[in-house]
Amino acid sequence: MRVKITIEMDNNGHFHPVNKKVEEMNPKELILYAAAKCASITLKSILDKEHIKPKAAEIEMSGTLDTEQVMAKSIYRSFNILYRIECHTIAEQSNIGRAINLTTEKYCGCLQMLRRIAPLSHEVSIVSTETML
């Protein structure tokens, strides 16, 4: 069974769950939420140091359980994190990509911990709204 949590950035640069309140999440979803939230905080910290503020950002964290239903004995067999970022300029794209790689591969403690449980893959979608003349 695949479990998925999505968080998105608000106008103040804070990330919040989409379509579900934290209080309504089951423990398996909370694990994914914690990882997505940790990645968002880490990514925002790196981007702030580079003086980059994305126009929009969304992080989707998913995991595949070894059972068809969520149960206490369910164990995650794999994880995937998907970053969807909208930036202002094409020049920002490479810096955001670098920040995502640093977040995922080096600095996010939750993602590092999840790697010890099961394989973690990541996907990146960065678009620029800059118009080419």
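Buried means under 20% relative accessible area, exposed means over 50%, and partly exposed lies in between, with a 1.4 Å probe and protein chains only. By that rule His51 is exposed, with a relative accessible area of 74%. This is a predicted model, in which local features need pLDDT of at least 70, side-chain atom pairs count only at pLDDT 80 or more, and totals for chains, interfaces and linings use all residues. Residues are numbered from 1 along each chain as its sequence is written, and side-chain values use heavy atoms, with hydrogens and water left out.

**Sheet**

- Five strands make an open sheet with mixed pairing, in the order β2-β1-β3-β4-β5. Helices (H or I, at least four residues) and strands (E, at least two) are DSSP runs, numbered from the N terminus. Two strands pair if DSSP finds at least two bridges between them.
- β2 (15–17) and β5 (120–128) each have a single partner strand, so one side of each is left without a neighbour in the sheet.
- On average, neighbouring strands of this sheet are turned by 20° against each other, direction ignored. Axes are lines fitted to C-alpha atoms, for helices over the stretch in contact, and angles run from 0 to 180 degrees between N-to-C directions.
- β3 (residues 56–65) and β4 (residues 76–87) run antiparallel, joined by ten bridges.
- β4 and β5 pair in the parallel sense, over nine bridges.
- Asn80 can be followed across these strands: Ser62 is bridged to Asn80 in β4, and the partner of Asn80 in β5 is Ser121.

**Helices on the sheet**

- Helix α1 (residues 27–49) lies across β1 (2–9), β2, β3 and β4. Its direction is at about 35° to β1.
- Helix α2 (residues 90–107) packs on the sheet and touches β4 and β5. The direction of α2 makes about 165° with that of β5. Contact means heavy atoms within 4.5 Å.

**Nonpolar core**

- A nonpolar core is a set of buried Ala, Val, Leu, Ile, Met, Phe, Trp, Tyr and Cys residues joined through side-chain atoms within 4.5 Å.
- The largest such core has 34 residues. Met61, Phe79, Ile81, Tyr83, Ile96 and Leu111 touch the most other members.
- β1, α1, β3, β4, α2, α3 (109–115) and β5 each supply at least two residues of this core. The largest share, eight residues, comes from α1.

**Around Phe79**

- Phe79 in β4 stands opposite Gly63.
- Beyond its neighbours within four places in sequence, Phe79 contacts residues including Leu32, Met61, Leu114, Ile117 and Leu120.
- Tyr76 and Phe79 form a tilted aromatic pair, 4.9 Å centre to centre with 40° between the planes. Both residues are buried.
- Rings of Phe, Tyr and Trp (its six-membered ring) pair if their centres lie within 6.5 Å; planes under 30 degrees apart count as stacked, over 60 as edge-to-face and the rest as tilted. The count by this rule is one aromatic pair.

**Positive phi in loops**

- Most residues other than glycine have a negative phi.
- Asn19 is not a glycine, yet has a positive phi of about 65°. Asn19 sits in the loop between β2 and α1 and is exposed, at 80% relative accessible area.
- His51, also not a glycine, has a positive phi of about 60°. His51 lies in the loop between α1 and β3.
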